[in-house]
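Please find my notes on this entry below. They are set out as numbered points, each on one topic.

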Amino acid sequence: MLVSNILALVFTIITLIGCIFYIFRASKKTMYSYKIMLVVGLIIFLGSTIILLASQLSNLIEIQTEVGDLGPEILYMSFLGLFSEVSYLVFPIAIILSGLLMLGSIVVIYREGRNFNNLLGIFIGVCALVAIALDINLDNILINFLDITTREDFHLVIFLENIVDITLVYFECMLVASFVCTIKAGRHRPKLEQDYMIILGCYPGKDLNLTPFLRGRVERALSFDREQQKLGGKKLIFVVSGGQGGDEVISEADAMAKYLEMKKIPRGRILVENRSINTWQNMRYSKKAILKNLSKKSINSLEDVKIAFATSDYHVFRSGIIANKNGLKVEGVGSKTRWYFYINAAVREFVANIVSEWRVHLLNVLVLNLIMGGLIALSLVFEIVW
């Protein structure tokens, strides 16, 4: 057992080092890349699989050394249960996150009242726990419909269990990767040499006073501006971005512009973009506003212009990805969010990322399940021949 534990520990350390090395190397180009989240998630998934496979193989070697030849059937039977063990390795993390997600939702509901967004965290947390419970008891459920005493039904049960295990573990690994990227992006500090600062809007409030969320974003942008000027840098031009919703008395952009003016920022340093209704449009229309402003100085390119954006810390990673897709080379700063809302918001960001690239994840899950199904089919053929 000592050898297997050492091997598992070595592979764990290698996996962690690989994740850290990849994140830091990739983030030198841009940390706002969906590919980073995808690769980190796959590293965690494959790393967990390799760790347990190494542990199983070393255990088999030790047992074979002690009791003699176990036969090849032991090897593939050990493999068949591999992904179940991987799921048990990852499930505790998912259970903890689900608990925190539901707790955070309860606190948000207590403080802000019930609405769809606040209830979403409880719904996702309950669904995750139910999925884990069903997976753990899946074999007991399936034996009510299949006769596992037959070779074919036994392998069918194993196949179905592994499909569920692989799918759940895959998305749990992606969730962990999303949290890693979200936390890193939210803590990033751009260089104090920016020309423009895009401030992404959110609900401004009903009485013309900014909500804590929106005020936090504007204050983070102002704080960055003060830091930059303190070091002798340029005065930022603020691009306030956000349209007017049906329940809003004023557009998000206009509300932020009024707040900036109240903070003694001259109107000449404020560009107002008040058409956008989502983050994609925030970036798209803000880019147009900046180009229009530059054209007054006979500059028609963003090549030498440094642009930052301010939003809530949980929103920086996905906003950066969207900015890059709109041709904006940017760095983001994040305003701090209370823990109970951060968890809920970070999970919603994860869901949004998954939905935006659903084809990639569907393909990955299909490929992983096809590989697993092929190996199980080969093991069945091998067992029959053996």
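1. Is Cys 127 buried, partly exposed or exposed? In this predicted model, Cys 127 is partly exposed, because its relative accessible area is 36%, which falls between the 20% and 50% cut-offs. Cys 173, in contrast, has a relative accessible area of 0% and is therefore buried.

2. On the subject of cysteines, how many disulfides does the count come to? The count comes to 0 disulfides. A disulfide is a covalent bond joining the sulfur atoms of two cysteines. The rule applied here asks for two cysteine sulfur atoms within 2.5 Å.

3. For the chain as a whole, the secondary structure consists of 13 helices and 5 strands. The protein chain has 386 residues, and buried residues make up 47% of them. Among contacts with a separation of 6 or more, 73% are between residues 24 or more positions apart.

4. The largest pocket holds about 890 Å³ of space. Its lining consists of 30 residues, and those nearest the centre are Asn 117, Cys 202, Tyr 203, Arg 217 and Tyr 314. Two or more lining residues come from each of helix H5 (116-136), helix H8 (212-230), helix H10 (279-295) and helix H12 (339-356). H12 gives the most, with 5 residues.

5. What is the make-up of the lining of the largest pocket by class? The lining has 13 polar, 9 nonpolar and 8 charged residues. Anyone setting up a calculation on this pocket may wish to keep the classes in view.

6. Helix H12 also holds Asn 344. Why does Asn 344 count as buried? Its relative accessibility is 3%, and the cut-off for buried is under 20%. Leaving aside residues up to four places away in sequence, Asn 344 touches Leu 101, Gly 104, Ser 105, Val 108, Asn 118 and Gly 121.

7. Helix H11, residues 316-325, is mostly covered, with 7 of its 10 residues buried. The buried positions in H11 are Val 316, Phe 317, Ser 319, Gly 320, Ile 321, Ile 322 and Ala 323. Just after H11 comes Gly 327, which takes a positive phi of about 80°.

Technical notes:
Residues are numbered from 1 along each chain as its sequence is written. This is a predicted model: local features need pLDDT of at least 70, side-chain atom pairs count only at pLDDT 80 or more; totals for chains, interfaces and linings use all residues. Side-chain values use heavy atoms; hydrogens and water are left out. On a 1 Å grid over the protein atoms alone, a cavity is a set of points where a 1.4 Å probe fits but cannot get out, and a pocket is an open set with protein on both sides within 12 Å along at least five of seven lines; lining residues have an atom within 4 Å of a point. Grid points are joined across faces, edges and corners, and a volume is the space filled by probe spheres set on the points. Helices (H or I, at least four residues) and strands (E, at least two) are DSSP runs, numbered from the N terminus. Ala, Val, Leu, Ile, Met, Phe, Trp, Tyr, Cys and Pro count as nonpolar, Asp, Glu, Lys and Arg as charged, and the others, Gly among them, as polar. Buried means under 20% relative accessible area, exposed over 50%, partly exposed in between (1.4 Å probe, protein chains only). Contact means heavy atoms within 4.5 Å.
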